[in-house]
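Me: I've just opened this one and could use a hand finding my way around. Can we go through it bit by bit?

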Amino acid sequence: MDFEHMSEVDTAYHILSQKGEPIHYKDLIIEVIESTHKPVQSLAMAISEIYTMMNMDSRFHYEGESKWGLTEWVPPEVKRSSSRSSAGTTKAAVTKETTRKKKLESIQN
């Protein structure tokens, strides 16, 4: 596949599709950079930019432990949201905030 004419985030999607399993974000992003053959002035900045694009793209799913996979790999019952009591909503908000903090920490490592 010709990754040179694709965006970095599309390239990451295709790499994950081909591998079929979650990959550590740094390994994935380095593979994206190598596949696209685009010049990179700062590896840290490139990692940050691509990570941010993946984070904003609904095709990607954070698996934990700094690994990313595809949303299509997540079983439907996990993706489904249900109406719960306010206690359930509060717990979901706390879980979401904890996940967000873990993502931010993994970027900084």
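Me: Where does Asp57 lie?

Reply: Asp57 lies in the loop between α3 and β2. Helices (H or I, at least four residues) and strands (E, at least two) are DSSP runs, numbered from the N terminus. This is a predicted model, where local features need pLDDT of at least 70 and side-chain atom pairs count only at pLDDT 80 or more, while totals for chains, interfaces and linings use all residues. Residues are numbered from 1 along each chain as its sequence is written, and side-chain values use heavy atoms, with hydrogens and water left out.

Me: OK. Is Asp57 buried or exposed?

Reply: Asp57 is buried, at 17% relative accessible area. Buried means under 20%, exposed over 50%, and partly exposed in between (1.4 Å probe, protein chains only).

Me: What does the side chain of Asp57 meet in a salt bridge?

Reply: That would be Arg59, at 2.9 Å, N to O. A salt bridge here is a side-chain nitrogen of Lys or Arg within 4 Å of a carboxyl oxygen of Asp or Glu. In general, side chains of opposite charge can pair when their charged atoms come close.

Me: Which residues are linked in a network with Asp57?

Reply: Asp10, Asp57 and Arg59 are linked in a network of salt bridges. Asp10 and Arg59 meet through their side chains at 2.8 Å, N to O. Asp10 lies in helix α1 and Arg59 in the loop between α3 and β2, so this pair ties together parts 49 residues apart in sequence. Asp10 is partly exposed at 28%, and Arg59 is partly exposed too, at 27%.

Me: How many salt bridges are there by this rule?

Reply: The count comes to four. One of them joins the side chains of Glu8 and Lys38, at 3.8 Å, N to O. Glu8 is in helix α1 and Lys38 in the loop between α2 and α3, 30 residues apart, which makes this a link between distant parts of the chain. Glu8 has a relative accessible area of 21%, partly exposed, and Lys38 is partly exposed at 31%.

Me: Switching topic: which residues touch the most other members in the largest nonpolar core?

Reply: Leu28, Ile29, Met54, Phe60 and Trp68 do, in a core of 20 residues. The elements giving two or more residues to this core are α1 (8-19), α2 (25-36), α3 (43-56), β2 (60-64) and β3 (67-70). A nonpolar core is a set of buried Ala, Val, Leu, Ile, Met, Phe, Trp, Tyr and Cys residues joined through side-chain atoms within 4.5 Å.

Me: What is Phe60 in contact with?

Reply: Leaving aside neighbours within four places in sequence, the contacts of Phe60 (heavy atoms within 4.5 Å) include Val9, Leu16, Met54, Trp68 and Gly69.

Me: And Gly69, where is that found?

Reply: Gly69 is found in strand β3. Gly69 is buried, with a relative accessible area of 0%. With neighbours within four places in sequence set aside, the contacts of Gly69 include Leu16, Pro22 and His61.

Me: Last one: which residues of α3 are buried?

Reply: Ala46, Ile47, Ile50, Tyr51 and Met54.
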